[in-house]
Amino acid sequence: MSTFTKMQKVALGLGTVGGSWCFFNFFNADRKVFNSWTTNFTPSVKWDDNWDHRSPTSLVHPKLFKLSDEKGDNQINENKERATPKVNRHIILIRHGQYNMSGETDKERYLTALGRSQAEYTGKRLLALGFPYTSMIKSTMTRAQETGSIISASLDNLPVSDCNLIREGAPIPPEPPVGHWRPEKQQFYQDGARIEAGFREYFYRADASQEKETYMIMVCHANVIRYFVCRALQFPAEAWLRISLNHGSITWLTITPKGRVILRALGDSGHMPVDAITY
């Protein structure tokens, strides 16, 4: 009986390994997974660093980029350094408390007794967090006005202002659509432009001259908050209706000096008793 030589055994082993490798890769080519830190990974959507039009590079005069000498490079770096923020901006979004949904007008859609309690719980929670709050912006709708006033009672000497841009509305047709909520097309055009203007009014990285972190409280509505979260994180804006927010809940976003956005809390209502939670 013939026997395999040592070289034949080695060749046979290498052939088996090589064949197995080829077989695995041929049938699993579409199942490869690449890590995000490898050069083979391409993100489905890249982060827009200049989303707020305040990226330091975008604030440098275009003429300087045409200079190819060392002096031009120095000017570019100096201008970028002067335009670079130093601190974070924190935006704390509060949904109003439960309200009278049977009201036909905005004035009739005031907070219920439970809604007022929810606002009190939220005010106490914000106080307990101990942040150096710098301002409060309130939607001009009745339920947001009342919620903000109750919260203000827990936060002494906090500057308060009103804003029509963050009133409730239909920001953008949701995907997937839902059958029980179908606003007219013109409502999306009207509300969407207004709510987007509200986003651009309040969401941006800190100014380079700002020395301390700011904590702005915004008391508004579920649709507005959900849209703002999607826009800030550069998620598809039409996904806003996939998010649910409880009454009086806290959503906290941080905008870093580099323009990155961090979602630190979404619809947090853990500061309320279970029997006080509604949506």
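What pattern does the chain follow when read along the sequence? The pattern is α-α-α-β-α-β-α-β-α-β-α-β-β, built from seven helices and six strands. Helices (H or I, at least four residues) and strands (E, at least two) are DSSP runs, numbered from the N terminus. The model is predicted, so that local features need pLDDT of at least 70 and side-chain atom pairs count only at pLDDT 80 or more, while totals for chains, interfaces and linings use all residues. Residues are numbered from 1 along each chain as its sequence is written, and side-chain values use heavy atoms, with hydrogens and water left out.

Some totals describe the chain as a whole. Of its 279 residues, 41% are buried, where buried means under 20% relative accessible area, exposed over 50%, and partly exposed in between (1.4 Å probe, protein chains only). The chain exposes about 17000 Å², and carbon and sulfur atoms supply 55% of this area; accessible areas come from the Shrake-Rupley method with a 1.4 Å probe, and for residues only the protein chains shown count as cover. Among contacts between residues at least 6 apart in sequence, 72% join residues at least 24 apart, a contact being heavy atoms within 4.5 Å.

The sheet comes next. Six strands form an open sheet of mixed pairing in the order β3-β2-β4-β1-β5-β6; two strands pair if DSSP finds at least two bridges between them. Strands β3 and β6 (261-268) stand at the edges with a single partner strand each, so one side of each is left without a neighbour in the sheet. On average, neighbouring strands are turned by 20° against each other, direction ignored. Axes here are lines fitted to C-alpha atoms, for helices over the stretch in contact, and angles run from 0 to 180 degrees between N-to-C directions.

Strand β1 (residues 89-95) pairs with β4 (residues 214-220) in the parallel sense over seven bridges, and isoleucine 92 has isoleucine 217 of β4 as its bridge partner. With β5 (residues 250-255), β1 pairs in the antiparallel sense over six bridges. In β5, threonine 254 is the bridge partner of histidine 90, and isoleucine 250 is that of isoleucine 94.

In a regular strand the side chains alternate between the two faces of the sheet. Both faces of β1 are covered: Arg89, Ile91, Leu93 and Arg95 are buried on one side, and His90, Ile92 and Ile94 are buried on the other. What covers arginine 95 in particular can be followed through its contacts, which include Thr147, Cys220, His221, Asn246, His247 and Tyr279. Arginine 95 is buried yet has no salt bridge, and the nearest side chain of opposite charge, glutamate 168, is 5.9 Å away. For this count, Lys and Arg are positive and Asp and Glu negative, and His and the chain ends are not counted.

Two helices illustrate the packing around the sheet. Helix α5 (residues 142-152) has eight of its 11 residues buried, so it is largely enclosed by the rest of the structure. Its buried residues pack against β1, α4 (113-129), β2 (135-139), β3 (160-163) and β4. Helix α7 lies across β1, β4, β5 and β6, and runs at about 150° to β1.

How many salt bridges does a search of the whole structure find? It finds four, a salt bridge being a side-chain nitrogen of Lys or Arg within 4 Å of a carboxyl oxygen of Asp or Glu. In one of them, the closest N and O atoms of aspartate 52 and arginine 205 are 2.8 Å apart. Aspartate 52 lies in the loop between α1 (6-27) and α2 (62-65) and arginine 205 in the loop between α6 (185-202) and β4, so the pair ties together parts that are 153 residues apart in sequence. Both aspartate 52 and arginine 205 are buried.

Another salt bridge, between aspartate 191 and arginine 194, has its closest N and O atoms 3.5 Å apart. Both residues lie in helix α6, three residues apart, about one turn of the helix.

Glutamate 196 and arginine 231 also meet in a salt bridge (2.7 Å, N to O). Glutamate 196 lies in α6 and arginine 231 in α7 (residues 222-232), so the pair ties together parts that are 35 residues apart in sequence. Glutamate 196 counts as buried at 13% relative accessibility, whereas arginine 231, at 24%, counts as partly exposed. Salt bridges that share partners join Glu196, Arg200 and Arg231 into one network.

Conventions: Lists of a residue's contacts leave out its neighbours within four places in sequence.
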